[in-house]
Amino acid sequence: MTASSTRRTTAAHSRLAAVGAIAVAGALMLTGCGDQTKDTGSSDTAASAPLADKLPQAIRDKGVIKVGSDIAYAPVEFKDSSGKVVGIDPDLAAAMGKQLGVDFQFENGTFDTLITGLRSKRYDIAMSAMTDTKDRQEGVDSDTGKKVGEGVDFVDYFTAGVSIYTKKGDDQGIKTWSDLCGKKIVLQRGTVSEDLAKAESKKCPSGKKIAIEPFDNDQQAQTRLRAGGADAGSSDFPVAAYAVKTSGGGKDFQLVGEQVEAAPYGIAVAKNQTELRDALKAALDAVIENGEYEKIMKKWGVTDGSIDEATINGGK
């Protein structure tokens, strides 16, 4: 996702990586609302974890990294039928926590407020399928091009593209983004999907602009499309593919066209938290090296979006 600083934002921060078919590894997507969800996958103490000494002392003392996340974006992060936070990000965070000797505590928030929460120190990091873009790195609003903050650093951990989907059996003749001219699309506010729709609409003929209806989360957009309130929806490929696979037992939606604009997902960290940023990179590299990363990607059926090593600020 994105927010003009988002889980994807900026017309240039889409992705086109073929992330492979999504394996259904749990229940249908549920809209989680709780304030906090503590991941207990990391039980090692800071004293015994191999990379604990790389963390800032304040975080080592707390034993917790607070994670801002929009926990309604299956299969990246969502709540299962029991209310537990599951998905690619929680699994990866738990694996990194073993290396660092801390728990990653996921706190639910709307996607377009996560960077603000990071700036206000409500969260230590933001991990929420957020696309690493130059605009976010530099604190630039993608719509206006104006500086709105100090920006953030990213530790990149995955690659994904953006997809369009429609009601099953009713693609409205949509194959590419240009086919959306004169039609209505639903999507999550502040995401790359919204940026792409806005950029494409500017190219449409007069009187045939794209009607864009943004929502706080992707599941609300899916509900709107399912009810016939739009012609198409858009989200990151892993999320769109998971919705196609699971919603209505696979009878609600279908993917149309190809993914566009491949870009990395990154863990967002405040610019002045370089020690924390570097510790996260070291932990991610360790998880990649020891094979846990690959196991997580296979579990969720997204190995085509895997990376070979962690990168800082690799977004364009």
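Tutor: The buried residues of α8 are L276, R277, A279, L280, A283, L284, A286, V287 and I288. Buried means under 20% relative accessible area, exposed over 50%, partly exposed in between (1.4 Å probe, protein chains only). The model is predicted: local features need pLDDT of at least 70, side-chain atom pairs count only at pLDDT 80 or more, and totals for chains, interfaces and linings use all residues. Numbering runs from 1 along each chain as its sequence is written, and side-chain values use heavy atoms, without hydrogens and water.

Student: What span should helix α8 have?

Tutor: Helices are DSSP runs of H or I, at least four residues, and strands are runs of E, at least two, numbered from the N terminus. Expected span is 1.5 Å times one less than the number of residues. For the 16 residues of α8 (274-289) that gives 22 Å, and the end C-alpha atoms are 22 Å apart, which agrees. Just after α8, G291 has a positive phi of about 95°.

Student: How many salt bridges does the whole structure hold?

Tutor: Side chains of opposite charge can pair when their charged atoms come close. The criterion is a side-chain nitrogen of Lys or Arg within 4 Å of a carboxyl oxygen of Asp or Glu. The search finds 16.

Student: Which residue pairs with E292?

Tutor: K98, with the closest N and O atoms 3.7 Å apart. This pair links distant parts of the chain, helix α9 (292-299) and helix α2 (88-100), 194 residues apart. E292 is partly exposed at 22%; K98 is partly exposed at 34%.

Student: Where do E294 and K298 sit?

Tutor: Both are in helix α9, 4 residues apart, so about one helical turn separates them.
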